[in-house]
Amino acid sequence: MTESQQHKCDDCQKLFSRYEHLVRHINSAHRNERPHVCSFCSRSFARSDVLTRHITLHTRPATAMTKDRRHRIHRACTNCKSSKLKCDGLKPTCTRCNQRGKQCSFMAEMPKPEPFTPASPPPTKKLRLPSISSWAPDLF
């Protein structure tokens with residue numbers, strides 16, 4: 001792409017290959033225009049494609065894996081752990097093992113390790129130096 005084909009933003013000097021991308025950039029980044037509003041949560045977006053992707057969060061079915069995006073489990077089952085797959089931690093059988101018809105088992109909970117605290121340095125001995133007048137009397 002030659003420099004004559006590039007469109008430059010006057011505010012931040014960003015370059016765009018297409019004029020409509022420059023216009024979209026100016027409207028969203030410098031004018032803070034967010035005309036696309038989610039009908040579920042009223043959150044606004046600068047681009048319609050981002051709104052469409054966002055709406056899928058509201059409309060997809062709530063399963064054990066997607067019900068809470070920040071859901072964390074303490075321990076994965078042995079099958080999921082050995083396969084390095086995400087486990088939902090449901091007991092007695094997790095969803096993934098249930099779908100695959102596998103025997104699901106969890107290892108016994110291990111206690112969390114104590115936080116590491118660095119050892120304090122050993123106490124230092126203070127050296128007693130003779131007074132300066134005893135070894136350099138002619139300075140005073």
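A cavity is a set of points, on a 1 Å grid over the protein atoms alone, where a 1.4 Å probe fits but cannot get out. Grid points are joined across faces, edges and corners, and a volume is the space filled by probe spheres set on the points.

The model is predicted: local features need pLDDT of at least 70, side-chain atom pairs count only at pLDDT 80 or more, and totals for chains, interfaces and linings use all residues. Residues are numbered from 1 along each chain as its sequence is written, and side-chain values use heavy atoms, with hydrogens and water left out.

The structure holds 1 cavity of 30 Å³ or more. The largest cavity has a volume of about 50 Å³. Its lining (residues with an atom within 4 Å of a point) consists of Asn-79, Cys-80, Ser-83, Leu-85, Arg-96, Cys-97, Arg-100 and Lys-102. Two or more lining residues come from each of α3 (78–83) and α4 (95–100). Helices (H or I, at least four residues) and strands (E, at least two) are DSSP runs, numbered from the N terminus. By class, 3 lining residues are nonpolar, 2 polar and 3 charged. Cys and Leu count as nonpolar, Lys and Arg as charged.

An unreviewed UniProt entry lists "domain: C2H2-type" at residues 7–35 and 36–63. Such annotations may be inferred rather than shown by experiment. Residues 7–35 are 41% helix and 14% strand, with end C-alpha atoms 24 Å apart.

Phe-40 sits in the loop between β3 (36–37) and β4 (44–45). Not counting residues up to four places away in sequence, Phe-40 touches Ile-55, His-58 and Thr-59 (contact: heavy atoms within 4.5 Å). Phe-40 and Ile-55 lie 15 residues apart in sequence and 7.9 Å apart in space, C-alpha to C-alpha.

Key: 1 Å grid on protein atoms, 1.4 Å probe; cavity = no way out; pocket = protein on both sides within 12 Å on 5 of 7 lines; lining within 4 Å.
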